Amino acid sequence: MDHEADALYLALAEGRASRSEEVAPGILVDYDEQDRIVGVEVLYPCQRAPEAALQRLLFETVPSDR
């Protein structure tokens, strides 16, 4: 979380992004050379969810058979 820029980056895999795509306003997805998602950037998360405790994000894995 970059408080000064009000941006949150979720690194989902190791590797470098070769391109980015804005999938919704202020939501960017980074892809590697093989078009695998390596990260997601959320711009202005404090404005999007002012009541959220962004320091305590909880993640849940989804079964791969979906």
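This is a guided tour of a predicted model, one selection at a time.

**Before you start**

Numbering starts at 1 along each chain as its sequence is written, and side-chain values use heavy atoms, with hydrogens and water left out. Because the model is predicted, local features need pLDDT of at least 70 and side-chain atom pairs count only at pLDDT 80 or more, while totals for chains, interfaces and linings use all residues.

**Stop 1: the whole chain**

Show everything as a cartoon. The protein has 1 helix and 4 strands. Helices (H or I, at least four residues) and strands (E, at least two) are DSSP runs, numbered from the N terminus. Along the sequence the pattern reads β-β-β-β-α.

Colour by accessibility next. Of the 66 residues, 23% count as buried. Buried means under 20% relative accessible area, exposed over 50%, and partly exposed in between, with a 1.4 Å probe and protein chains only.

**Stop 2**

Select the strands. In what order do the 4 strands of the open sheet lie? The order is β1-β4-β3-β2, with antiparallel pairing. Two strands pair if DSSP finds at least two bridges between them. Strands of a sheet pair through backbone hydrogen bonds, either parallel or antiparallel.

Which strands stand at the edges? They are β1 (7-11) and β2 (19-24). Each has a single partner strand, so one side of each is left without a neighbour in the sheet. The twist averages 20° from one strand to the next. Axes here are lines fitted to C-alpha atoms, for helices over the stretch in contact, and angles run from 0 to 180 degrees between N-to-C directions.

**Stop 3: strand by strand**

Start with β1 and β4. They run antiparallel, joined by 5 bridges. Pick Tyr 9: its bridge partner in β4 is Glu 41. Stay on Glu 41, which is also the β4 bridge partner of Leu 28.

Move to β3 and β4. These antiparallel strands are joined by 5 bridges. Val 29 stands opposite Val 40 in β4.

Then take β2 and β3, again antiparallel with 5 bridges. Here Val 29 in β3 is the bridge partner of Glu 21.

**Stop 4: the β2-β3 turn**

Select Gly 26, in the loop between β2 and β3. The two strands form a hairpin with 2 residues between them. Gly 26 in the turn has a positive phi of about 80°. Is Gly 26 buried or exposed? At 10% relative accessibility, Gly 26 counts as buried.

Leaving aside neighbours within four places in sequence, Gly 26 is in contact with Glu 41, Val 42, Leu 43 and Arg 48. Draw a C-alpha to C-alpha distance from Gly 26 to Leu 43: 4.9 Å in space, for residues 17 apart in sequence.

**Stop 5: the β3-β4 turn**

Go to the loop between β3 (27-31) and β4 (37-43). The hairpin here has 5 residues between its strands. Select Asp 32, found in this loop. At 9% relative accessibility, Asp 32 counts as buried. The Asp 32 side chain reaches the backbone nitrogen of Gln 34 at 2.9 Å. That is a polar contact: a pair of N or O atoms within 3.5 Å; within protein, one must be able to donate a hydrogen and the other to accept it, and residues adjacent in sequence count only if both atoms are side-chain atoms. Beyond its neighbours within four places in sequence, Asp 32 is in contact with Arg 16, Ser 18 and Val 38.

Most residues other than glycine have a negative phi. Asp 35 has a positive phi, near 65°. Asp 35 is partly exposed, at 48% relative accessible area.

**Stop 6: Tyr 44**

Select Tyr 44, in the loop between β4 and α1 (45-48). Its phi is near 60°, again positive in a residue other than glycine. Tyr 44 is partly exposed, with a relative accessible area of 44%.

**Stop 7: Tyr 31**

Finish with Tyr 31. What lies over its face? Arg 19 does, at 4.1 Å from the ring centre. The criterion is NZ of Lys or CZ of Arg within 6 Å of the ring centre and within 35 degrees of the ring normal.

How values were computed:
Contact means heavy atoms within 4.5 Å.
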